[in-house]
Amino acid sequence: MKHLNSLPAAVGDTSSLQTWIQNNVIPLLLLLIAVMLFVFAQRGDNAKPMRVVGGVIIALAVLGLATSGRADSVGTWLAGLVTG
């Protein structure tokens, strides 16, 4: 009978998986949104999914601004659109 301590340790490296997810999360989300819109369009109910997609796109834009470090320049550009 073997003891549990004599079993080899399972070594796993998830850094490549983490890198892949970080590099592909936005395209995967956009693909998921496109598939959802296609399914809802087949049912003929487009209004609610379009509101959800609009919210998701705005949330992705805010996330992109927060992680890029360029929020000040984008805010200045948006203010320039209003103030001229």
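Mentor: The protein chain exposes about 7,400 Å², and carbon and sulfur atoms supply 68% of that area. The model is a predicted one. Of the 84 residues in the protein chain, 5% are buried. The secondary structure comes to 3 helices and 0 strands, in the pattern α-α-α along the sequence.

The part to look at is helix α2, which covers residues 47-68. This helix has 22 residues. From its first C-alpha to its last, α2 reaches 32 Å, close to the 32 Å expected at 1.5 Å a residue.

Which residues of α2 are buried? They are Pro49, Val53 and Leu60. Seen down the axis of α2, these buried residues fall within an arc of 40°, so they line one face of the helix.

The next point is the partner of the buried face. The buried residues of α2 pack against α1, residues 15-43. Two packed helices are described by the angle between their axes and the distance between the axes. For α1 and α2, the angle is about 170° and the axes are 10 Å apart. An angle over 145 degrees counts as roughly antiparallel, and α1 and α2 are therefore roughly antiparallel to each other. On the α1 side, the contact is made by Ile26, Leu29, Leu30, Ile33, Leu37 and Phe40. On the α2 side, Pro49, Met50, Val53, Val56 and Leu60 make the contact.

Just after α2, Gly69 takes a positive phi of about 80°.

Technical notes: Residues are numbered from 1 along each chain as its sequence is written. This is a predicted model: local features need pLDDT of at least 70, side-chain atom pairs count only at pLDDT 80 or more; totals for chains, interfaces and linings use all residues. Side-chain values use heavy atoms; hydrogens and water are left out. Helices (H or I, at least four residues) and strands (E, at least two) are DSSP runs, numbered from the N terminus. The expected span of a helix is 1.5 Å times one less than its number of residues. Buried means under 20% relative accessible area, exposed over 50%, partly exposed in between (1.4 Å probe, protein chains only). The arc is that of the directions from the helix axis to the C-beta atoms. Contact means heavy atoms within 4.5 Å. Accessible areas come from the Shrake-Rupley method with a 1.4 Å probe; for residues, only the protein chains shown count as cover. Axes are lines fitted to C-alpha atoms, for helices over the stretch in contact, and angles run from 0 to 180 degrees between N-to-C directions. Angles under 35 degrees count as roughly parallel, over 145 as roughly antiparallel, 65 to 115 as roughly perpendicular and the rest as oblique.
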